[in-house]
Amino acid sequence: MKHSSAIADSIKRGFDMNHSMIRYVVGAVLCFESIFLCLPMLIGFVCGEKSAFAFMICAVLCLVFGGAMVLRKPKSNVFYATEGFVSVSISWIALSLFGALPFWISREIPRFEDALFEAISGFTTTGATILDDVEALSRCCIFWRSFTHWIGGMGVLVFVLAVFPLRGGNIMFLMKAESPGPSVEKLVPRVKNTALILYGVYTAMTVLEILLLWITGMHFFDAVNLGLATAGTGGFGILNDSAASYASVHQVILTVFMILFGVNFNIYYLILVKRAKDIWHSEELKTYFGIILASGLLIAYNIRHIFPNPLEALKHSFFQVGSIITTTGFSTADFNEWPLFSCSILVLLMFCGACAGSTGGGMKVSRIIIMVKTAVKEVFTIKHPHGIKTLKIDGRVVEHETVRSVNTFVVIYALLFAGSALLVSLDNFDFTTTFTAVAATINNIGPGLSKVGPMGNFSIFSPFSKVVLMFDMLAGRLELMPMIVLFSPLIWSKDR
Amino acid sequence: MQIVIVGCGKVGTALARSLSQEDNNICIVDVKSDVVHQLATENDIMGLVGNGASYSVLKEAGIETADLLIAVTESDELNLLCCVIARKASKCQTIARVRNPMYSQEKRFLQRELGLSMIINPEQTAAAEIASLLGFPSALGIDSFAGGKVEMIRFRIPAESKLNDMALKDVNAMIKCDFLVCAVDRAGQVEIPGGNFVLKSGDVISLVTSRKSAKFFFEKIDMNTNRARNTMIVGGGKITLYLAKMLDNLGIAVKIIEKNPDRCRELSEELPSATVVNGDGSDEAFLREERLDTMDSFVALTNLDEENILLALLAKKKVSRKVVTKINREQLNEVIHNLELDSVVYPKLLTAQKILRYSRATKNSIGSNVKTLYRLYDDKAEALEFAITENSKITGIPLRQMKLKKGLLISAITRNDKLLIPDGQTEILPGDSMIVVTTHLGLQDAQNILAE
């Protein structure tokens, strides 16, 4: 209560933040959402579906609201980390609210909190659904679900930065707040060009995947949807059994691309500028592939009895490992039924997550590396109390700032996780369901275990739990800080 | 343009900020990671932590495709080495800051043999600026164009001046000589005035004119135009050394106050005609003993900004003609502005400005060229000199028919080395040099003066 009154209080007194700039950024995001909404609308009209009108209404609404907000240029360009974080979190909330409207207006998802859950799950590339029967949705709605993954994967503000004329030095804060990883690096001097390169690589890889799926015989509509959902490492399936009924070749293509989209996009840039040799210096990349290989083989050995031949076991094992570590969340088999050892590995992978600077969620491999190295360093200082040891990654010293931010991240992560699990447990489900539901949303994966396993869904939760899980998804996608900042009285108070 | 800046001190920071705002792709390199990170987050530029003289670091900074490398680290040798390595690694142009007077004397040789485009010495630049101020004490600042043929003189209209409450067109009618008031700063608001603009006491106005006309102008409004007879300089650093030599050539008597006896000895060796006094310049009694009140100008050149400011405030009461204050840090700008310190010189900004001018001139090789650039009134306005070439689109049109940007004035034209104050009938011809004063920062080309 104290919390909300502090916010209301500071709203009354006026913010000391540059709110005209925040308004401008959020407006720009809404304008782009209006353009994005036109795509499912067109598909709806082509297929002759009534829901297309819902998309039209929302596109117009977005344009009206967004247009009104960008009509006036911001009064000043002063822009600090606070403004960056607040605009990112408000943008994402606005994006989700408007993104949920089509589901609700078209009555395909009758309850608003369910529609919002689905939209947030889409934009945050979680892929957790509240739908019992996905196949019953109209095509435009199915497409919109997959498309939200694609938009949210690389980040809508990165898109805004690439094409919208935002000036001022500190716009880097926007990209920092939205891009995953402990330290965000620019590829080229200008934010705009960096964002363009990222989206260029992202689009090219998505198109490549869609084409591959299509040539190998998948239906075009399915190929597009799966392509978009893999690119954002989202995981909304368009069939009730996720990816289980597709041909083996498609499952292999999906596995490869899921793993590729979990790689830091800087790596692709290095390949593009013909510095491919440098990528082998990347410890994160090597660790990432190492984890995938080890977990894949261990699980394959563990589940060899369930499947008719070892090759089949390998395929399913690697698909699941790739799907979970990149936080995509597709499934080819009900891993809920797998032995406990395999399930445990998968749950651990949920927390590990993909590489920094990829479209995946989770804690990120680079953070894990930094944490492990910090721990090793602590052991070293116990033996040599006055010993000096610097923390290095890729042969470079890791700044103290970065280590500190990783530590803070882990603490907030643990607190948020514990708090959410406590609140969700009010619904009185079994421990596995509650624990993995929170893990699956905070890490943006999608399916958990038990009742929220690959064949289950999130419709069982009470509206209150859904709100908690929605917050977790947003916080997880934006790497905690932006959402925490938005709800922190410290930021909104003028006096502190 | 792609620019690599090595060294993120005050000059490097100022350059990175200005150049990135002018749509250049900037990569900064410095060994201090915190400075690099701060600068890279505050501006839309890329930061790289490392030694700028190392080939691999420069390569990572993109030297192979860069157009310009600016080396402004603390060390002269490092700056020169950076430039040499950059020249070997790519075809980029290079600018080095070299402050050791020893190397400065060999500027030409270094520039030619090491393939540098420019060597800049901040202390020498600052000294030249101060010398020109002492040569014309009524002015707050003097910027010269067209090789000194045209000057832009900034001065504050004194209380009870003739100019108070006068419209500009009446000023033109009263004083018949070549001049144009091209910018006015009234309490921090910078305006490009029209003919109906009414001047007030306390305004800081910029006047484009020639040296001869300036004398006439100032005599008409009863302001003194003679150069200072003598000056007292507190602080005996590098600027003092350069300045004393320049003032000696102008015939201005110099008295230098310096704390360090060894430095005093060095100065007296280098400057036989100057009076070198060993003592604490911040001691009021000592300054009185050295007859501060008989001096007609005073220059505060100690290493401490705060001390310089206090000294200047003290000297303002005692000295009749001119007080110049050297300030290193930009951060105090607002306070200083309110103190009315007379002339303030920022060596670092002068350096940055000079490099900025160079980079903008290199950027355009087609159409026309920025020959000179000055930032006026705390970067609120700019004065630019463009060389007009054959293919320029603005030639042969009477000015009255041109649609110019708002807040922009074509202040002067030099044709065949003669100053021409333009009016509505004037046409710009190829070969002219055009001086424009504007509040639109970052004009790149003569054609940019037209409204879009």
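1. A quick term to start: two residues are in contact if their C-beta atoms, placed from the backbone, lie within 7 Å. With that in hand, the contact between the chains takes 10 residues from chain A and 11 residues from chain B. On the chain B side, β2 (25-30) and α2 (33-42) each supply at least two residues. That side divides into 4 nonpolar, 5 polar and 2 charged residues; here Ala, Val, Leu, Ile, Met, Phe, Trp, Tyr, Cys and Pro count as nonpolar, Asp, Glu, Lys and Arg as charged, and the others, Gly among them, as polar.

2. Please keep in mind that this is a predicted model, where local features need pLDDT of at least 70, side-chain atom pairs count only at pLDDT 80 or more, and totals for chains, interfaces and linings use all residues. Residues are numbered from 1 along each chain as its sequence is written, while chains are lettered from A and ligands numbered from 1 in the order in which they are written.

3. H316(A) counts as buried because 24 other C-beta atoms lie within 10 Å, and the cut-off for buried is 20 or more. Leaving aside neighbours within four places in sequence, H316(A) is in contact with F307(A), T332(A) and A333(A).

4. Chain B is divided into domain 1 (2-120), domain 2 (230-320) and domain 3 (356-449), with bounds from an automatic or database domain assignment. The C-alpha centres of domain 2 and domain 3 of chain B lie 40 Å apart.

Terms used: A residue is buried if 20 or more other C-beta atoms lie within 10 Å of its own, exposed if 12 or fewer, and partly exposed in between; C-beta atoms are placed from the backbone. Helices (H or I, at least four residues) and strands (E, at least two) are DSSP runs, numbered from the N terminus.
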